[in-house]
Amino acid sequence: MARAIKIEPDSIYRVVSGSRTRRIVTARRGDRLESREAPPVGAPASPVPPAPSAPPAPVATPSPSGPAAPALAPSASTVTATTQPLATLSYRDENGDGVFRMEKPQVVVGRGGPGYWVDLKLKTVPDVSRDHLRLRYDEPERRFYIKDLSSLGTTVNGAAIPSSIEVRGGEKVDRNVEVPLPAEAEIGLAGAVFIRFRAEVSK
């Protein structure tokens, strides 16, 4: 039969029942007494569940092909190669065959030299002037013009064109004389070099 044994302090009792001893804790809450069974002396405390650990940070996994390379801006040579020219000039001089792409509205053709800027420089005999002729594209009219700046003349499809240069008082004066140039034509420079002209822009 169970019996209660009072143990100091007054609020703790030990209840002996057979071979099992229980500790009863009595607490006063206002006018009421509340009793509960205390854990045995020396008993391990109830384990406190560990706080949940934070999930591991995601690890970036490289793709099989490796990291993507940054996009590169097109180089100037790439842009130039894909730009539609206004016209092409195929020719042969002492350096061999060549092709010139006319990519601006006005170009000068000749042998060039000190003090003479040309866009298409030809290596040929002195009969060809240093700045022999000028080609111009008129965008509003969408057509080409040619101007002869030489001393020994320029031909278009075998016919001589008027010279734009006039000598006045021992000085050369450009009268700005131009003639229309067909979309396809053969241009002769003093009978020494011939250029096959071809317009690449549509009318």
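To begin, I needed a rule for aromatic rings: rings of Phe, Tyr and Trp (its six-membered ring) pair if their centres lie within 6.5 Å. I also noted that this is a predicted model.

**Entry on the rings.** I asked how many aromatic pairs there are by this rule. The count comes to two. One of them is Tyr137 with Phe144, a tilted pair with 4.8 Å centre to centre and 45° between the planes. I then looked up Phe144 with Phe197: their ring centres are 5.1 Å apart and their planes stand at 75°. Planes over 60 degrees apart count as edge-to-face, so I filed the pair Phe144 and Phe197 as edge-to-face.

**Entry on position in the chain.** Where do Phe144 and Phe197 sit? I found Phe144 in strand β10 (residues 143-148) and Phe197 in strand β17 (residues 193-199). The two are 53 residues apart, so this pair links distant parts of the chain.

**Entry on a hairpin.** Next I turned to strands β13 (residues 165-168) and β14 (residues 171-174), which pair in the antiparallel sense over four bridges. I looked up the bridge partner of Glu166 and found Val173 in β14. The two strands form a hairpin with two residues between them. In the turn I marked Gly169, with its positive phi of about 60°.

Conventions: Residues are numbered from 1 along each chain as its sequence is written. This is a predicted model: local features need pLDDT of at least 70, side-chain atom pairs count only at pLDDT 80 or more; totals for chains, interfaces and linings use all residues. Side-chain values use heavy atoms; hydrogens and water are left out. Rings of Phe, Tyr and Trp (its six-membered ring) pair if their centres lie within 6.5 Å; planes under 30 degrees apart count as stacked, over 60 as edge-to-face and the rest as tilted. Two strands pair if DSSP finds at least two bridges between them.
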